[in-house]
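Trainee: Could you help me learn to read a protein model step by step? I have the sequence and the structure ready.

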Amino acid sequence: MFDVITPSTHDLGAFEVRRTLPNKARTMVGPFIFVDQFGPAHFDIGRGMDVRPHPHINLATVTYLFEGAIDHRDSLGTLATIRPGACNLMTAGSGIVHSERTPAAERATGSGISGMQTWLALPDGKEEIDAAFEHVAKDDLPLIEDNGVSARVIMGSLWGATSPITQHAATIYADILMNPGATIPIEAEADERAVLVALGDASLDGEALDRHSLYILKPGQAMTLRAESDARVMLLGGEAFKTPRHVWWNFVSSSRDRINQAKHDWKERKFPLVPGDSEEFIPIPEVPKTVSYP
């Protein structure tokens with residue numbers, strides 16, 4: 001009925017990250033080429049997330065929180081605080097640098113953190129577009145509510161509603177909250193689709209789903225998602241890419257030469273700085289945790 005990708009887990013000290021894409025068995029689902037679920041966790045007073053400035057090329061990052069807050073800063077001069085139910089879309093294109101840190105107010109009192117970090121590969125002809133940043137507030141994302149289901153359409157069109165967020169390639173992405181026994185149809189229109197149970201327990205056409213695993217659905221087949229307890233399920237996918245994409249550390253591209261150029265440029269500090277952040281940065285790793293080719 002579907003292929004299953006079991007996550008690899010990375011302990012970052014303050015919280016765990018579970019990664020399902022990229023994977024040896026599967027690199028992409030639609031434009032999604034990187035899928036991380038982080039938390040839930042709680043920071044002690046005075047502690048928080050501190051992801052130092054780092055670069056990206058030829059992709060768009062999508063940040064979506066279940067709990068907590070993150071200050072996003074980037075080399076375009078953006079400062080945006082994301083909170084649960086809102087969405088940050090950062091288009092790297094030809095190159096961008098950004099940092100992600102817990103806001104001062106949350107750091108002073110201690111706060112929880114939980115959510116999703118995903119990357120979208122940019123389609124052929126758009127990999128080197130200008131960098132951009134887009135923040136869409138919670139109230140501006142469509143919310144579908146019916147019979148114990150509350151589904152927020154983060155990107156694309158689902159269940160008759162369309163998100164205002166930019167799509168570089170056809171994309172679907174939704175956050176589905178469900179009461180025990182509630183059901184929702186998973187539409188078949190997208191080229192490629194997958195579901196991930198982030199919290200709670202759920203089944204698909206009667207088959208139980210393991211929490212945190214990514215289930216790749218059969219193309220063209222409509223299915224029914226059912227909650228067996230209070231559950232939170234992410235639906236993602238979209239347009240199938242004809243040209244393969246490579247991933248190395250924070251870089252995604254159809255060209256390995258372009259990734260090698262980005263590696264050189266970061267080592268030589270040729271990327272722009274992040275205004276308002278320190279001049280510290282994440283050095284390029286010898287052996288990255290995110291890699292799809294030797």
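This is a predicted model: local features need pLDDT of at least 70, side-chain atom pairs count only at pLDDT 80 or more; totals for chains, interfaces and linings use all residues.

Trainee: Which residues does UniProt list for "domain: Pirin N-terminal"?

Mentor: Residues are numbered from 1 along each chain as its sequence is written, and side-chain values use heavy atoms, with hydrogens and water left out. The unreviewed UniProt entry lists residues 15–120 for that domain. UniProt annotations may be inferred rather than shown by experiment.

Trainee: What percentage of residues 15–120 is helix, and what percentage is strand?

Mentor: Helices (H or I, at least four residues) and strands (E, at least two) are DSSP runs, numbered from the N terminus. Here, residues 15–120 are 58% strand and 6% helix.

Trainee: Which residues does the "binding site" annotation cover?

Mentor: In the unreviewed UniProt entry, they are His54, His56, His98 and Glu100. They are spread over 47 residues of sequence yet cluster in space, with a largest C-alpha distance of 13.5 Å.

Trainee: Is His98 buried or exposed?

Mentor: Buried means under 20% relative accessible area, exposed over 50%, and partly exposed in between (1.4 Å probe, protein chains only). His98 counts as buried because its relative accessibility is 3%. Glu100 is buried too, at 10%. His98 lies in strand β10, residues 96–101, and Glu100 also lies in strand β10.

Trainee: Which side chain forms a polar contact with that of His98?

Mentor: A polar contact is a pair of N or O atoms within 3.5 Å; within protein, one must be able to donate a hydrogen and the other to accept it, and residues adjacent in sequence count only if both atoms are side-chain atoms. The side chain of His98 is joined to that of His54 by a polar contact of 3.0 Å.
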